[in-house]
Amino acid sequence: PAPPMDSESSSDDSDSSDSSDSDSDSDIVRDTTAEERKRERVELKARTYTLKQLIRMIHIKEPVNYIMALLGKKYPGDLDSFYRLRLEGTWDPDLADKRMKLRTPVTWETQV
């Protein structure tokens, strides 16, 4: 239960609300433009993803060799890890615990 308000305090509130209405209108305009700018920044950030971020975001899992190479993962150190990761081909002990990389494609530009 709220205490009853006398007539003087209610008239003071109405006067202050008139002046605050104009202030609140300008605040709303400022807030709206700030929100619009923030939304534009978020949209811009949303459009600029790295390849690693996209792979992780949309949960691409295959082809395993390429995905691991793009993410810069290490080649498995033992045969069990190789099979557990479902990598293609045979396990190469020379590559063990080295960063996987994509091979440079053979094109006329790379041959020149």
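Tutor: His 59 counts as exposed because its relative accessibility is 59%. Here buried means under 20% relative accessible area, exposed over 50%, and partly exposed in between, with a 1.4 Å probe and protein chains only. The model is predicted: local features need pLDDT of at least 70, side-chain atom pairs count only at pLDDT 80 or more, and totals for chains, interfaces and linings use all residues. Residues are numbered from 1 along each chain as its sequence is written, and side-chain values use heavy atoms, with hydrogens and water left out.

His 59 sits in the loop between H2 and H3. Helices are DSSP runs of H or I with at least four residues, strands are runs of E with at least two, and both are numbered from the N terminus. The backbone at His 59 stands out: phi is positive, about 60°, although the residue is not a glycine. Most residues other than glycine have a negative phi, and most peptide bonds are trans. Glu 62 and Pro 63 are joined by a cis peptide bond, with omega at about -5°. Pro 63 belongs to the loop between H2 and H3.

Now stay with Glu 62. Its relative accessibility is 59%, so Glu 62 counts as exposed. Glu 62 pairs with Arg 86 in a salt bridge, and the closest N and O atoms are 3.8 Å apart. Arg 86 lies in the loop between H4 and H5 and Glu 62 in the loop between H2 and H3, so this pair ties together parts 24 residues apart in sequence. A salt bridge needs a side-chain nitrogen of Lys or Arg within 4 Å of a carboxyl oxygen of Asp or Glu. That rule gives a count of one salt bridge.

Ile 60 is also in the loop between H2 and H3. Ile 60 counts as partly exposed because its relative accessibility is 34%. H2 has the largest share, three residues.

Finally, look at the second largest pocket. Its lining includes Ile 60, Lys 61 and Arg 86. The volume is about 170 Å³. H3 gives the largest share of this lining, three residues. A pocket is an open set of points on a 1 Å grid over the protein atoms alone, where a 1.4 Å probe fits, with protein on both sides within 12 Å along at least five of seven lines; lining residues have an atom within 4 Å of a point. The volume is the space filled by probe spheres set on the points, which are joined across faces, edges and corners.
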